[in-house]
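Please read it with the structure open.

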Amino acid sequence: MTIPAGLEALDFSFTGTRPAGAFAPVLVGVVGSGNLEVLLEAAGGDGCTVRIETSARGFGPIWEAVLGDFHDRHPLAGVRIAINDMGATPAVVSLRLDQAVAELPAAAQGARP
């Protein structure tokens with residue numbers, strides 16, 4: 001996949017314990033200055049992969065920490081996450097990820113019947 005000039009692509013993978021099952025794609029946020037969009041898609045399997053395309057280059061360790069915290073709270077399995085970022089702060093990243101998870105079926109959110 002070709003990345004546009006000026007952007008950095010980061011890829012992360014996590015092993016999940018909470019299968020998301022089948023769900024319609026979820027899109028939250030908007031690509032704009034200081035913001036980002038998050039797309040969640042069903043992917044099958046026991047992994048959660050994250051692909052980030054960001055205009056803020058050189059922040060890999062911060063992304064890793066934010067995504068690690070997210071995965072600790074939401075250990076999703078069978079999910080592919082795509083993030084298009086235009087310089088969002090870690091708090092905004094966490095907010096958008098939580099908003100996306102809130103749109104998933106209750107079982108994937110960790111709700112008890």
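This is a predicted model: local features need pLDDT of at least 70, side-chain atom pairs count only at pLDDT 80 or more; totals for chains, interfaces and linings use all residues.

The points below go from the whole chain to two single residues.

1. Fold layout. The chain holds three helices and seven strands. Starting at the N terminus, the order is β-β-β-β-β-α-β-β-α-α.

2. Overall dimensions. The radius of gyration is 13 Å, which agrees with the value near 13 Å for a compact globule of 113 residues. The C-alpha trace spans about 45 × 25 × 20 Å along its principal axes.

3. Packing and surface. Of the 113 residues, 36% are buried. Among contacts with a separation of 6 or more, 82% join residues 24 or more positions apart. The accessible surface is about 5,900 Å², and carbon and sulfur atoms supply 57% of that area.

4. Charges. The chain carries 7 positive and 12 negative charges. Their mean positions lie 3 Å apart.

5. G87. This glycine sits in the loop between strand 7 (79-85) and helix 2 (90-102). Beyond its neighbours within four places in sequence, G87 contacts G34, N35, S55 and A56. T54 is 33 residues away along the chain, yet the C-alpha atoms of G87 and T54 are separated by 7.0 Å.

6. S94. This serine belongs to helix 2. S94 counts as buried because its relative accessibility is 17%, and the cut-off for buried is under 20%. Which residues does S94 contact, leaving aside neighbours within four places in sequence? They are V66 and R73.

Notes. Residues are numbered from 1 along each chain as its sequence is written. Side-chain values use heavy atoms; hydrogens and water are left out. Helices (H or I, at least four residues) and strands (E, at least two) are DSSP runs, numbered from the N terminus. Contact means heavy atoms within 4.5 Å. Buried means under 20% relative accessible area, exposed over 50%, partly exposed in between (1.4 Å probe, protein chains only). The radius of gyration is taken over C-alpha atoms; the globule rule is 2.2 Å times the number of residues to the power 0.38. Accessible areas come from the Shrake-Rupley method with a 1.4 Å probe; for residues, only the protein chains shown count as cover. Lys and Arg count as positive and Asp and Glu as negative; His and the chain ends are not counted. The place of a charge is taken as NZ of Lys, CZ of Arg, CG of Asp or CD of Glu.
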